[in-house]
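Me: I have a structure open and would like to learn how to read its side-chain contacts. Could you take me through them step by step?

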Amino acid sequence: MALPKIEAFATREALYDAAASVVALALTEAVAKRGQAGFAATGGSTPAPVYDRLATMTVPWDKVVVTLTDERFVPPSDPSSNEGLVRRHLLQGEAAKAGFAPMYFDGVAQEAVPAKAEAGVAKALPFGVTLLGVGPDGHFASLFPGNPKLAEGLDPRSERTVIAVPPGQPAPDLPRISLTFQALIQSSLIVLLITGGAKKTLLEGPVDQGLPIAAILNQDRAPVRILWAE
């Protein structure tokens, strides 16, 4: 299968503008087609400017359900929480009308979170768009090379949409909750948002088939766009 062409932008600001426009259009088209749209939003520092832009854009937010591709097992008040990031940068203004399906529940043990989170995720599926980052080790969401939960998370026949991911060597450093591969590809579009030369080289191909991200690039369920800037 031919790898998606990397769409390069001259500046990161141009990248963020483009990514926000792509996500907004995908959500709007999904609502027009199905009456509602799910948005699987990634965490980390790179997408925050995208979310700032999205929050100001015309999207039928009241018909959108936002969830997370993955989450650290920390409360939203923790600086490393992806939910906290999304609430601060995306779910503001008109975008605050969107629904939100969390992956952290106060007082619920990590092992019990997937069963509780799957009900909310089900309301967002199929996603209008999935936004993913890619780590330098080829991980996406919280599906890390060498982690004992990697095979379960990548299983294309799995009926699970959410799994609990233990700390691993070398990653992750904290317990996490993650959408599975088969949940993430239930999407009208997958957008890989990347910056820096190392990640561009990683995805230019031939991609190491032992890396988790190869599963996303090799599947034919959802089209993939790779958006990049140095």
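Predicted model: local features only at pLDDT ≥ 70, side-chain atom pairs only at ≥ 80, totals over all residues.

Me: How many aromatic pairs does the structure hold?

Reply: Rings of Phe, Tyr and Trp (its six-membered ring) pair if their centres lie within 6.5 Å; planes under 30 degrees apart are stacked, over 60 edge-to-face, and the rest tilted. Here there are 2 aromatic pairs. One of them joins Phe-39 and Tyr-51 edge-to-face, with 6.3 Å centre to centre and 75° between the planes. Phe-39 is in strand S2 (residues 37-41) and Tyr-51 in helix H2 (residues 48-54), 12 residues apart. Helices (H or I, at least four residues) and strands (E, at least two) are DSSP runs, numbered from the N terminus.

Me: Is Phe-39 buried or exposed?

Reply: Buried means under 20% relative accessible area, exposed over 50%, and partly exposed in between (1.4 Å probe, protein chains only). Phe-39 has a value of 0%, so this residue is buried; Tyr-51 is buried too, at 0%.

Me: Why is the pair of Phe-73 and Tyr-104 called tilted?

Reply: The planes of Phe-73 and Tyr-104 stand at 55°, so the pair is tilted, and the ring centres are 5.4 Å apart. Phe-73 is partly exposed at 25%, whereas Tyr-104 is buried at 16%.

Me: Which charged residue lies over the face of Trp-228?

Reply: A charge sits over a ring if NZ of Lys or CZ of Arg is within 6 Å of the ring centre and within 35 degrees of the ring normal. Lys-200 lies over Trp-228, 5.1 Å from the ring centre. Likewise, the charged end of Lys-116 is over the ring of Phe-105, at 5.3 Å from its centre.

Me: How many salt bridges are there?

Reply: A salt bridge needs a side-chain nitrogen of Lys or Arg within 4 Å of a carboxyl oxygen of Asp or Glu. The count comes to 11. Among them, Asp-17 meets Arg-53, with the closest N and O atoms 2.5 Å apart. Asp-17 lies in helix H1 (residues 12-34) and Arg-53 in helix H2, so the pair ties together parts 36 residues apart in sequence. Another salt bridge joins Lys-149 and Glu-152 at 3.0 Å.

Conventions: Residues numbered from 1 in each chain as written. Heavy atoms only, no water.
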